[in-house]
2 protein chains.
Amino acid sequence: MGKGTLYIVSAPSGAGKSSLISAMLETNPTYAMKVSVSHTTRDMRPGEEHGIHYHFVEKCDFESLIEQGAFLEHAEVFGNYYGTSRIWIEETLNKGIDVFLDIDWQGARQIREQMPAAKSVFILPPSNGELERRLNVRGQDSDEVIAKRMSEAKSEISHYAEYDYVIINDDFDVALIDFKAILRAERLKQDKQTIKYKGMLDALLS
Amino acid sequence: MGKGTLYIVSAPSGAGKSSLISAMLETNPTYAMKVSVSHTTRDMRPGEEHGIHYHFVEKCDFESLIEQGAFLEHAEVFGNYYGTSRIWIEETLNKGIDVFLDIDWQGARQIREQMPAAKSVFILPPSNGELERRLNVRGQDSDEVIAKRMSEAKSEISHYAEYDYVIINDDFDVALIDFKAILRAERLKQDKQTIKYKGMLDALLS
């Protein structure tokens, strides 16, 4: 069955990261893949589900998980904890399932240190004008929030060179084909193939 | 335009290496790619063309090219020289063109030392039975030659783990999709994208 690959995926808000990951999960039935669900201590919002959007836990439980080394990375934002479960990711990879981890450049750095075999993908918008247009079209945010997101976007984008792969999400379908090509090529890496085709290779060399 | 990638491609005779490279050149018009043509001192055979199958040169000229350091690798086989031109490959890569280099594991080792950025792909048959069947179907070789090729195949296959990528050529169309995915993913590597999209990235970060 082989071992799955951990994909760190980062992008500025509005670049299309979540849509690309969703489309990948829907349209690629050949291989098993899952998205990592973070733990958080913040309150559940309307429409959110436990285990789907986050694992919602109490602050004391989160702190006890930190002490147990249960997180690959964690951070405190506005008084709330957010963290990525080490155990779930390791167990899922060991089942031969690829895992997507939607995380910012700071989390990405922590993950790379802990999981050097992870592959990282940065998704870029084609321009700042297009990014701003997409944020406006979503209609979720006020002008003030959009201005803040644009400033955060520049900061996030400034770290793109720390990633293994860079996808330009200009045309969504092309970006999805790019994303799929990366996953397909990574599965063709010698170490993955050696595990997957062990029986065949033994027979070829016997 | 960016810089092309050198692909070292190895396989036992009959695994479908030449067919895969030909199909790739015919069916992928989006990106520029070429096959490296070796130099040799052996005699031209019926149907062969200078500059297509080999660059046919005199022994004294080949030896003078060796002294000039013109070859990335060269070998002597049954009294004839074979070599890979360093200058043509470097110039072609600098034009942003990917180059395929069809070579055995020994040549591959020499190339890797000289060109550490090269990516290497090993193509495997699904079984020895299928490999032997394909060699018989070609009808080119006597039983004796086929037995010799099968023995050489095992020796070549024993080096598959020195390669970056491994493609199993069971179904030709699937193997071709695999090969294309590798090329597409390699073009999405951060260093290649940074060169290709320099203007866009400057604008995003300005």
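A:Arg42 is buried, with a relative accessible area of 8%, where buried means under 20% relative accessible area, exposed over 50% and partly exposed in between, using a 1.4 Å probe and protein chains only. This arginine sits in the loop between strand S3 (39–40) and strand S4 (55–56) of chain A. Helices (H or I, at least four residues) and strands (E, at least two) are DSSP runs, numbered from the N terminus.

Before we go on, a word on what you are looking at: this is a predicted model, in which local features need pLDDT of at least 70 and side-chain atom pairs count only at pLDDT 80 or more, while totals for chains, interfaces and linings use all residues. Residues are numbered from 1 along each chain as its sequence is written, chains are lettered from A and ligands numbered from 1 in the order in which they are written, and side-chain values use heavy atoms, with hydrogens and water left out.

**Around A:Arg42**

Which residues does A:Arg42 touch, not counting those up to four places away in sequence? They are A:Glu48, A:Tyr54, A:Phe56, A:Asn80 and A:Tyr82, with contact meaning heavy atoms within 4.5 Å. With A:Glu48, A:Arg42 forms a salt bridge whose closest N and O atoms are 2.8 Å apart. A salt bridge here is a side-chain nitrogen of Lys or Arg within 4 Å of a carboxyl oxygen of Asp or Glu.

Over all chains, the structure holds 24 salt bridges. Here are three of them, side by side:

| Salt bridge | N to O distance |
|---|---|
| A:Arg42 with A:Glu48 | 2.8 Å |
| A:Arg134 with A:Glu130 | 2.8 Å |
| B:Arg134 with B:Glu130 | 2.7 Å |

Why are A:Arg134 and A:Glu130 separated by about one helical turn? Because they are 4 residues apart in helix H5 (residues 128–138) of chain A. Both A:Arg134 and A:Glu130 are buried. In chain B, B:Arg134 and B:Glu130 are likewise 4 residues apart in helix H5 (residues 128–138), so about one helical turn separates them. B:Arg134 and B:Glu130 are buried too. In chain A, a network of salt bridges links A:Glu130, A:Arg133 and A:Arg134.

**Strand S7 and its neighbours**

Now turn to strand S7 (residues 98–102) of chain A, which is mostly covered, as 4 of its 5 residues are buried. Strands pair if DSSP finds at least two bridges between them. Strand S1 (residues 6–10) of chain A runs parallel to S7(A) and is joined to it by 4 bridges; A:Leu6 stands opposite A:Val99 of S7(A). Strand S2 (residues 33–35) of chain A also runs parallel to S7(A), with 3 bridges joining the two. There, A:Met33 has A:Asp98 as its bridge partner. In a regular strand the side chains alternate between the two faces of the sheet.

**How the two chains relate**
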